[in-house]
Amino acid sequence: MPHLRLSDGARLHYLDVGRGPPCVLLHGFGMQAAHFVPFLLPQLRRHRFVMLDMRGFGGSRRLRLRSPDLLRSHALDLHEALDQLKLDRPALGGISMGAATSLAYLRLHGFDRFRAYLHIDQAPRVLNDHSYKDGLFGDDQSDILASWSGIGDRLEACGRETPFRRLPPDLRRAFTGVLARFFSYAFHRRLARAFSGAVRYERFARGFVEPDNWPLYLDAMRAYRTEDYDFRPSLGRIAIPMQIFVGTESRMYPPAGQIAMREHVPHAKVISFARAGHAVPIEAPIRFSRALGDFLDASVA
């Protein structure tokens, strides 16, 4: 499997498929690079795709973050990956956490080395307050983040070197229950939401996360609650072509907050996916694949 050796010694896994102008794709939380592949098949003769497995997921699932700041850690990895791979003006695309990582990269380095940007179902701000209601989980944010905080405190008390199987059984169940609830917000269709509930069972959860890397997921939960993940002030720096894919039934991030990104990037084009939730590629696979192809073709026209 191909890996990149990063400056902190970590070996970051990635996939590299297709031929043509390059596009870097960043997956969401609980995903991995390979999950993109089925949607890319129609494009592989015209475009090259480099897909990073971010720390904690896929082939990089055993890696720890550079720091507790999840998105900054991922953005620094992206920067080093671009340097090592020596890609010539790639397009950049990210879904959910991958899109948030892209905005963290924008804040740190700008988008000058990219030719176009595809932003898939992610608000430009994570936390809600009296002036903003379109962040993570929308109106349900306070309740869900409070549950994250309580479980996080219990996990920390067990010590970060404790293997998952050595944690108290009720705490393991609580933790996988939190993950199951999180994944349920990714889907609009009832069957998919019911299927995501199986993540509460450890054996099934291992298909999406590495339980023994629970400190990374704990850091991710804490980062979303405490870090400054309001990227709206940086959006005006986006001068390259940009498209925003929005699931019209997204429960993870209310569509209104995503569409409002055009207030900061007027040239951005919004593509709406009717009857699709946050997991746009899964709930609208054919439309997503075609729209991705159109975006990439336009980026090299």
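The radius of gyration used here is taken over C-alpha atoms, and the rule for a globule is 2.2 Å times the number of residues to the power 0.38. The structure under discussion is a predicted model. Its protein chain has 301 residues, for which a compact globule would have a radius of gyration near 19 Å; the chain has 18 Å, which agrees with that expectation. Along its principal axes, the C-alpha trace spans about 55 × 40 × 35 Å.

Within these dimensions, the secondary structure amounts to 12 helices and 8 strands. Of the contacts between residues at least 6 apart in sequence, 74% join residues at least 24 apart. Of the 301 residues, 56% count as buried. The chain exposes about 12,800 Å², and carbon and sulfur atoms supply 52% of this area. As for charge, there are 42 positive and 31 negative side chains, and the centres of the two sets lie 5 Å apart.

G98 and G28 are separated by 70 residues in sequence, yet their C-alpha atoms are 5.1 Å apart in space. Leaving aside residues up to four places away in sequence, G98 touches L26, H27 and G28. Because its relative accessibility is 1%, under the 20% limit, G98 counts as buried.

The loop between strand 5 (91-95) and helix 3 contains S96. Most residues other than glycine have a negative phi. S96, although it is not a glycine, has a positive phi of about 55°. With a relative accessibility of 9%, S96 also counts as buried.

D121 likewise has a positive phi, of about 45°, and is not a glycine. Its place is in the loop between strand 6 (116-120) and helix 4 (141-158). D121 is buried, since its relative accessible area is 0%.

The cysteines complete this account. A disulfide is a covalent bond between the sulfur atoms of two cysteines. For a pair to be counted, the sulfur atoms must lie within 2.5 Å, and the count for this model comes to 0 disulfides. C23 counts as buried because its relative accessibility is 1%. C158, at 28% relative accessibility, counts as partly exposed, because this value falls between the limits of 20% and 50%.

Technical notes: Residues are numbered from 1 along each chain as its sequence is written. This is a predicted model: local features need pLDDT of at least 70, side-chain atom pairs count only at pLDDT 80 or more; totals for chains, interfaces and linings use all residues. Side-chain values use heavy atoms; hydrogens and water are left out. Helices (H or I, at least four residues) and strands (E, at least two) are DSSP runs, numbered from the N terminus. Buried means under 20% relative accessible area, exposed over 50%, partly exposed in between (1.4 Å probe, protein chains only). Contact means heavy atoms within 4.5 Å. Accessible areas come from the Shrake-Rupley method with a 1.4 Å probe; for residues, only the protein chains shown count as cover. Lys and Arg count as positive and Asp and Glu as negative; His and the chain ends are not counted. The place of a charge is taken as NZ of Lys, CZ of Arg, CG of Asp or CD of Glu.
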